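Thank you all for coming; I would like to walk you slowly through one model this morning. Please have the sequence and the structure open while I talk.

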Amino acid sequence: MKPPALTNDCFALPQGIHWTPVDAALALLEERLHVVVKGEDLPLLAASGRVLAADVTAQRSNPPAPNSAVDGYGFDAQSVVDGPNILPLVDGRAAAGVPFSGAVPAGHAIRILTGACVPDGVNTVVLEEDCTVADEAIAFNGPLKQGANTRKSGEDVVAGDVILKQGTVLAAPELAILAATGVSSVQVYRPLRVAVISTGDELAEVGSVAGAGQIFDANRPMLSALFARFGATIVDMGQSRDSTEALRKVLDEAAHSADMILTSGGASAGDEDHVSRLLEQTGSMALWRVAMKPGRPMALGLWSGIPVFGLPGNPVAAFVCALIFAKPAFDILSGRTGRRPQAFWIPAAFSKSKKAGRREYLRARMGTDGRAERFHSEGSGRISGLAWADGLIELPDEAMDIAEGDLVKYLPFASFGL
Ligand SMILES: Nc1nc2c(c(=O)[nH]1)N[C@H]1C(S)=C(S)[C@@H](COP(=O)(O)OP(=O)(O)OC[C@H]3O[C@@H](n4cnc5c(N)ncnc54)[C@H](O)[C@@H]3O)O[C@H]1N2
Ligand code: MOO
């Protein structure tokens, strides 16, 4: 079943709002967007990296039966006294996958290996390191708590429990619990197709010969790699010249083949800013003047019903806006349940005075001394700083004087899924 279309006013801002604080902008995205991809059933391994389209319940308990947590000797705890114990061994043993079929009589012990089902008459296991073995008997010192060194049936998960919720991304830990509880196929969302378009007459494709006044397109490889990493299927739409017609054509094509469109450049209101002009003409555009630095101009709108994120042209601004806005939107559209990036408060290795009014994101990295270093320049064309950094420092909307050693909010790139 196809999910409902987004409404035309989904990016409209309340009347009279000119500068939207970052949190308000994020709250609006959360309120207006919803999942747009369908579900499909996939075998477990093929579902790695996908997003659950429904809650999953355990088909089997983990562990399915009581078993031993160690290599040792099993018996009934009632047979054990405080101080020295000697218990005769029964014939045979219990091993993982090869259970002991008989019962162990009271006052006796059985050789048991890690993972072996606990036989009848056994509820406790003593480590082999704590025993002496001779003459078909074991000697060890009590006391031993009933149940010691054993794992109860269902102590981790009980059959029928919801183990994973809709919206969970399936990575290695999730595959482990699904497999352990007998879930061999899952309903997952189809990956979100993300079209990436670079705009600007100055752009040349890396590998080609750049003419005078041309620069190589850095944003398309950057944004493609970013969203591929998040789990998107990238639809590479190439570069568009700064012309309304060229851009209209590429947006039409992108809207046919993708669920979300990322453009970069042309987002502000200059003479050649065709992204914002075109989106405005569709009647579904809101030029979001988000109160953040970098990334002031962002054009958000719908093109034939497909959400377009018109990111600023400056690569650092495009990168920051992609992480702070396009990523949460991607999460919602692709069915991921949103989780704000994990933040760490660490001491600053720098001092800075910040004005009120805009939230600021600095390229940062955590030094070996655990302090937050910032890139030497805040220029949003200084692409090298992105590769230098391993995260962002987020400074609040309010004014702030930071002295060396003050705690600042550090968001590692890994917190965004990089
Ligand atoms: N009068 C004003 N001018 C500008 C303002 C402003 O508030 N008032 N804001 C500046 C800021 S901040 C940014 S960011 C840019 C954003 O504008 P656009 O989104 O329209 O971006 P462009 O003008 O097309 O490009 C900006 C810059 O980035 C370079 N660029 C563009 N695409 C790529 C690419 N794919 N790879 C590498 N570099 C790219 C482009 O050549 C420009 O140098 O507006 C400022 N101006
Ligand atoms: O978006 Mo601009 O700095 O704010 O590059």
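Let me start with Asn314, which in this predicted model places a polar side-chain atom 3.2 Å from an oxygen atom of ligand 2. Ser380 also uses its side chain here, with a polar atom lying 2.3 Å from an oxygen atom of that ligand, whereas Gly295 contributes through its backbone, a polar atom of which is 2.5 Å from an oxygen atom of ligand 2. If you display everything around ligand 2, you will find Pro294, Gly295, Arg296, Pro297, Asn314, Ala317 and Ser380, and by residue class that shell divides into 3 nonpolar, 3 polar and 1 charged.

Now please turn to the other ligand. Ligand 1 is surrounded by 20 residues, and the closest of these are Glu202, Asp217, Ala218, Asp273 and Gly313. Which atoms of Asp217 and Ala218 face a nitrogen atom of ligand 1? For Asp217 it is an N or O atom of the side chain, at 2.8 Å from a nitrogen atom of the ligand, while for Ala218 it is a polar backbone atom, at 2.9 Å from a nitrogen atom of the ligand. Asp273, in turn, has a polar side-chain atom 3.0 Å from an oxygen atom of ligand 1. On its own, ligand 1 has 870 Å² of accessible area, and the protein covers 64% of that. The shell around ligand 1 is made up of 8 nonpolar, 8 polar and 4 charged residues.

Let me step back to the chain as a whole. The domain assignment divides the chain into domain 1, residues 22–38 + 190–333, domain 2, residues 50–62 + 158–189, domain 3, residues 67–151, and domain 4, residues 344–416. Between the C-alpha centres of domain 1 and domain 2 there are 34 Å.

The helix I would like you to look at is H2, which runs over residues 172–180 and in which Glu174, Leu175, Ile177 and Leu178 are buried. In general, an α-helix has 3.6 residues a turn, so residues three or four places apart point the same way. Just after H2 comes Gly182, which takes a positive phi of about 80°.

Another joins Gly142 to Pro143, with omega near 0°, and Pro143 belongs to the loop between strand S9, residues 137–142, and strand S10, residues 150–151.

In the loop between S9 and S10 you will also find Asn149, which has a positive phi of about 60° although it is not a glycine. Is Asn149 buried, partly exposed or exposed? With a relative accessible area of 29%, Asn149 is partly exposed.

Technical notes: Residues are numbered from 1 along each chain as its sequence is written. Chains are lettered from A and ligands numbered from 1 in the order in which they are written. This is a predicted model: local features need pLDDT of at least 70, side-chain atom pairs count only at pLDDT 80 or more; totals for chains, interfaces and linings use all residues. Side-chain values use heavy atoms; hydrogens and water are left out. A residue is near a molecule or strand if one of its heavy atoms lies within 4 Å of it. A polar contact is a pair of N or O atoms within 3.5 Å; within protein, one must be able to donate a hydrogen and the other to accept it, and residues adjacent in sequence count only if both atoms are side-chain atoms. Ala, Val, Leu, Ile, Met, Phe, Trp, Tyr, Cys and Pro count as nonpolar, Asp, Glu, Lys and Arg as charged, and the others, Gly among them, as polar. Buried means under 20% relative accessible area, exposed over 50%, partly exposed in between (1.4 Å probe, protein chains only). Helices (H or I, at least four residues) and strands (E, at least two) are DSSP runs, numbered from the N terminus. Domain bounds come from an automatic or database domain assignment. Accessible areas come from the Shrake-Rupley method with a 1.4 Å probe; for residues, only the protein chains shown count as cover.
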